[in-house]
Amino acid sequence: MIDNTHPNMHSTVNELGKTVTQIIHFSGGNKRTYHRVLTDSIKQGQFTKFKLENGTMLMINDCNVDCIEIFPE
């Protein structure tokens, strides 16, 4: 049953578990790998924000990203 009064605003990445590895492919051809990304910390907007298990917070400008590969840990 769909709850239209309280939509789930969490990232679909949550379905992969508590932590994931993300490989972010940037428009200029660079790519960065981030391990132990806390899936419940991912917030999307102009900048996608997320935290790593060690407490580090990252902010990624979505305009500079071509794709993101995500793997469960």
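Here are some numbered notes on this predicted model, from the overall fold down to single residues.

1. **Ground rules.** Residues are numbered from 1 along each chain as its sequence is written. Because this is a predicted model, local features need pLDDT of at least 70 and side-chain atom pairs count only at pLDDT 80 or more, while totals for chains, interfaces and linings use all residues, and side-chain values use heavy atoms, with hydrogens and water left out.

2. **Overall fold.** The chain has zero helices and five strands, and reads β-β-β-β-β along the sequence. Helices (H or I, at least four residues) and strands (E, at least two) are DSSP runs, numbered from the N terminus. Of the contacts between residues at least 6 apart in sequence, 39% join residues at least 24 apart; contact here means heavy atoms within 4.5 Å.

3. **Burial and surface.** Of the 73 residues, 29% count as buried. Buried means under 20% relative accessible area, exposed over 50%, and partly exposed in between (1.4 Å probe, protein chains only). The chain exposes about 5,400 Å², and carbon and sulfur atoms supply 53% of that. Accessible areas come from the Shrake-Rupley method with a 1.4 Å probe, and for residues only the protein chains shown count as cover.

4. **The nonpolar core.** The largest nonpolar core has eleven residues: Val13, Val20, Ile24, Tyr34, Val37, Ile42, Phe50, Leu52, Leu58, Ile60 and Val65. The elements giving two or more residues to this core are β1 (19–26), β2 and β4 (57–61). A core of this kind is a set of buried Ala, Val, Leu, Ile, Met, Phe, Trp, Tyr and Cys residues joined through side-chain atoms within 4.5 Å. As background, nonpolar side chains tend to be buried together in soluble globular proteins.

5. Ile24 sits in strand β1 and is buried, at 1% relative accessibility. Setting aside residues up to four places away in sequence, Ile24 touches Asn30, Lys31, Arg32, Tyr34, Phe50, Ile60, Val65, Cys67 and Ile68. Ile24 and Ile60 are 36 residues apart along the chain, and their C-alpha atoms are separated by 9.2 Å.

6. **The aromatic pair.** A search of the whole structure finds one aromatic pair. Tyr34 and Phe50 form this pair edge-to-face, at 6.1 Å centre to centre and with 70° between the planes. Tyr34 lies in strand β2 (residues 31–38) and Phe50 in strand β3 (residues 47–51), so the pair ties together parts that are 16 residues apart in sequence. Both Tyr34 and Phe50 are buried. For reference, rings of Phe, Tyr and Trp (its six-membered ring) pair if their centres lie within 6.5 Å; planes under 30 degrees apart count as stacked, over 60 as edge-to-face and the rest as tilted.

7. How many salt bridges does a search of the whole structure find? There are two, where a salt bridge is a side-chain nitrogen of Lys or Arg within 4 Å of a carboxyl oxygen of Asp or Glu. Glu53 forms a salt bridge with Arg36, with the closest N and O atoms 2.9 Å apart. Glu53 lies in the loop between β3 and β4 and Arg36 in strand β2, so this pair ties together parts that are 17 residues apart in sequence. Arg36 also forms a salt bridge with Glu73, with the closest N and O atoms 3.0 Å apart. That pair links distant parts of the chain, since Glu73 is in the segment after β5 (65–72), 37 residues from Arg36. Salt bridges that share partners join Arg36, Glu53 and Glu73 into one network.

8. Arg36 is partly exposed, with a relative accessible area of 36%. Glu53 is partly exposed at 42% relative accessibility, and Glu73 is partly exposed at 42%. One backbone detail to check by eye: Arg36 has a positive phi of about 60° although it is not a glycine.

9. Leaving aside neighbours within four places in sequence, Ser41 is in contact with Lys49, Phe50 and Lys51.

10. Phe47, Met57 and Met59 make a nonpolar surface patch of about 300 Å². Met59 lies in strand β4. Patches are made of residues with over 30% relative accessible area and no salt bridge; like charges are joined within 9 Å, and nonpolar side chains (Val, Leu, Ile, Met, Phe, Trp, Tyr) within 5 Å.
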